[in-house]
Amino acid sequence: MITKTTKILFTIWFLCNLISCGQKKEAMLMGKENFLITEDNLVPTLLNDVKKYSEEPLYYLHIVPVKCDYEILINDFPIYNSQKSNKTRIIYINQAILQTGLQKISYYLYPEKGEKCLVDSSELQISICKHQANKNESHEVFMSFPSPKIEIIKSGQNNKQISEASGHKIYKNNLMFHAEVPYKIKGWSNGQYLKSYDSLALRQAVIDFYKSQWENFKHHKKDEIFSLFYKKEKERIICEYNSKKHIDLILKSYSKLLNNTSFSTQSLDKYKISFYGNGKLVRLERKDKDSVADKYLSSNYENTSNSNLLNYYLYLPKGKNLNNGLEIIR
């Protein structure tokens, strides 16, 4: 005969187990440290993070450069750099937009190869555009920023307008715009301010992280790699509203590298740590390269175009230790 006390104890046990199972499932889906992402569960786990919205705006920049190399950052996160000065580009930027609100564009202009300074005609024309990822609509240009000009007044002659960047070795300008997105992601916002750490200790921690990941790639440790890159890819598919087709391509990119036997290590002596994300992001960059396009860590693979998978940004979540707490976030 089941007593009233037994029923109560059973009810408590059942509720505790139900809560525990729910927490375990949430931990799995959120990519917690105690849950290993594998080649088999990467796609279904990422699909659990996908949400569909009535409005899915994708923001991008339409760039028209003239007589300059350039680098563009959104909210102090690098999104593009180029040495091909006269080539128009379209650059999607949702990965740098963490939530609705004001967004900051910073751009740097550099002299073309062979030039010591920017010239009178050097400029970067930027238009901010958007379209809906889930709708077959025309693209909207909602803000355009002409490159700043200055007027040269010559006595007895017609006035002449030249680029404000003329004569500079580096020219920087900032722009602001408002973006509305349906998602809200953490990104590096809950990261520690890395500039407060001892620079030598931080550099060593970053180098140790890179070398550790190289060992994973060298020995084809797929599960460790998928787990380390999970948070980065999770936020990417959220902010870009990716479908299963796109997620399958993510898996294919990683698998292609992991099945490549040409991996080799390289010396990091010529690399320095560089800060982004208002001091919350760090990465390795060449310190002996003048060109903005040559400063990033190159691929350790032969004959592959997927070098960006090894060229990542690290952050240190609050509460984590520098020695073993760095994580890949972009």
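**Strands first, then helices**

Q: Let's start with β6 and β7. How many bridges do they pair over, and in which sense?
A: β6 and β7 pair over 5 bridges, in the antiparallel sense. One example is I128, whose bridge partner in β7 is M143. Keep in mind that this is a predicted model.

Q: Ok, and which strands form the open sheet, in what order?
A: There are 4 strands, in the order β4-β1-β6-β7, and the pairing is antiparallel. β4 (89–92) and β7 (140–145) are at the edges with a single partner strand each, so one side of each has no neighbour in the sheet. From one strand to the next, the twist averages 25°.

Q: What actually holds strands together in a sheet?
A: Strands of a sheet pair through backbone hydrogen bonds, and they can be parallel or antiparallel.

Q: How many bridges join β1 to β6?
A: 10 bridges join them, and the two strands run antiparallel. Within that pairing, P65 stands opposite L124 in β6.

Q: And how many bridges join β1 to β4?
A: Strand β1, residues 57–66, is joined to β4 by 4 bridges, again with the strands running antiparallel. If you want a pair to click on, H62 has I90 of β4 as its bridge partner.

Q: How many residues of β6 are buried?
A: 8 of the 10 residues of β6 (residues 123–132) are buried, so the strand is largely enclosed by the rest of the structure.

Q: What about β3?
A: β3 (residues 77–82) has 5 of its 6 residues buried, so β3 is largely enclosed by the rest of the structure too. Its antiparallel link to strand β2 (residues 69–74) is made of 5 bridges. There, Y70 has S82 of β3 as its bridge partner.

Q: How many residues are between the strands in the hairpin of β2 and β3?
A: There are 2 residues between the strands, and N75 in this hairpin takes a positive phi near 55°.

Q: Switching to helices. Where is the kink in α4 centred?
A: The kink is centred on Y230, and it's about 50°. The helix covers residues 222–240. Just after α4, Y241 takes a positive phi of about 55°.

Q: Which residues of α4 are buried?
A: Quite a list, including I225, F226, F229, Y230, I237 and I238.

Q: How do the axes of α3 and α4 cross?
A: The axes of α3 (residues 199–218) and α4 come within 9 Å and cross at roughly 135°. That makes α3 oblique to α4. Q213, N216 and F217 of α3 make the contact with E224, I225, L228 and F229 of α4.

Q: Last one, zooming out: how many helices and strands does the protein come to?
A: It comes to 5 helices and 14 strands. Of the protein's 330 residues, 43% count as buried. The protein exposes about 18300 Å², and carbon and sulfur atoms supply 51% of that.

Note on methods
Residues numbered from 1 in each chain as written. Predicted model: local features only at pLDDT ≥ 70, side-chain atom pairs only at ≥ 80, totals over all residues. Heavy atoms only, no water. Pairing = 2+ DSSP bridges. Axes fitted to C-alpha atoms, helices over the stretch in contact; angles between N-to-C directions. Bend = angle between axes of the 7 residues up to and from the residue. Buried < 20%, exposed > 50% of the residue type's maximum accessible area, 1.4 Å probe, protein only. Areas by Shrake-Rupley, 256 points an atom, 1.4 Å probe, with all protein chains shown as cover. Parallel < 35°, antiparallel > 145°, perpendicular 65-115°, else oblique. Contact = heavy atoms within 4.5 Å.
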